[in-house]
Amino acid sequence: MSTASMTLFHSPMSPFVRKVRVVLHETGQTDRVALQAVNVSPVSPDADLNQGNPAGKLPALRLEDGTVLHDSRVIVDFLDQQHVGNPLIPREGSARWRRLTLASQADAIMDAAVLTRYETFLRPAEKRWDAWVEAQSEKIRRALADLEDNHMAEIASAFDVAAIGVACALGYIDLRMPDFGWRERQPKLAAWYAEVSQRESMRLTAPPV
């Protein structure tokens, strides 16, 4: 077993952190990275996380030389170039931009779900903006409908950067928005998610319940 040379600042509830952790498992790099749990919110920063990462973005990956990479997209791209297996992000050509665009759509679903969580859980009830929450829900509905109607073959073709992002986004919706009812609207996506949820990388990174 190799010694961990990098540190991943993480929260087990974050879908963006989970995406990075799934990539670590899928690429056989878990032994290289130590996990450091942090408990942050928009109004509760963490001093250690902020070192080399002044905006306090989570996840953040501290490399052996002390350099800090932040934003899950940057970290995933870095990790994908550190292993010898098939790349999770195509290296060039139209396939690269296609998969990254689908991965960005998955990130947008996560963003909307996380913002909904902040608004409905952290913000005082008397200050909550219901129309804004509904707008975030509509973003999620549109994005999931588009995946169901136009991209299922692409998503199911490989468990790569795009598929990992979609799986982590759906897992977060189940965790934080259990009454969202996406499975009824997107049965093909639901069947695919039920299958990929059995992958070891997904099972080992599932958030605690």
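Arginine 141 is partly exposed, with 24% relative accessible area, where partly exposed covers the range between buried (under 20%) and exposed (over 50%), using a 1.4 Å probe and protein chains only. Glutamate 138 also counts as partly exposed, at 31% relative accessibility. These two side chains form a salt bridge with the closest N and O atoms 2.9 Å apart; the term stands for a side-chain nitrogen of Lys or Arg within 4 Å of a carboxyl oxygen of Asp or Glu. Both residues sit in helix H5 (residues 130–150), 3 residues apart, or about one turn of the helix. Helices here are DSSP runs (H or I, at least four residues), numbered from the N terminus.

A quick word on the source: this is a predicted model, so local features need pLDDT of at least 70 and side-chain atom pairs count only at pLDDT 80 or more, while totals for chains, interfaces and linings use all residues. Residues are numbered from 1 along each chain as its sequence is written, and side-chain values use heavy atoms, with hydrogens and water left out.

Now to the salt bridges, of which the structure holds 12.

| Pair | Closest N to O distance |
|---|---|
| Arginine 99 and aspartate 160 | 2.7 Å |
| Lysine 19 and aspartate 107 | 2.8 Å |
| Arginine 141 and glutamate 138 | 2.9 Å |

Take lysine 19 and aspartate 107, which form a salt bridge. The pair ties together distant parts of the chain, with lysine 19 in helix H1 and aspartate 107 in helix H4 (residues 93–122), 88 residues apart. Both lysine 19 and aspartate 107 are buried.

The salt bridge between arginine 99 and aspartate 160 is another link between distant parts of the chain: arginine 99 belongs to helix H4, and aspartate 160 to the loop between helix H6 (152–157) and helix H7 (161–176), 61 residues along. Arginine 99 counts as buried because its relative accessibility is 8%, and aspartate 160 is buried too, at 8%.

Domain 1 puts 13 residues into the contact and domain 2 puts in 17, with contact meaning heavy atoms within 4.5 Å.

The two domains bury about 1200 Å² between them, 69% of it from carbon and sulfur atoms. Buried area is the accessible area (1.4 Å probe) that two parts lose on being put together, summed over both. On the domain 1 side, Met13, Pro15 and Phe16 supply 38% of the area buried against domain 2, more than any other three residues.

There are 4 salt bridges between domain 1 and domain 2. Helix H1 (15–26) and helix H3 (72–80) each give at least two residues to the side of domain 1 that touches domain 2, and H1 has the largest share, with 7 residues. By class, that side has 7 nonpolar, 1 polar and 5 charged residues; Ala, Val, Leu, Ile, Met, Phe, Trp, Tyr, Cys and Pro count as nonpolar, Asp, Glu, Lys and Arg as charged, and the others, Gly among them, as polar.
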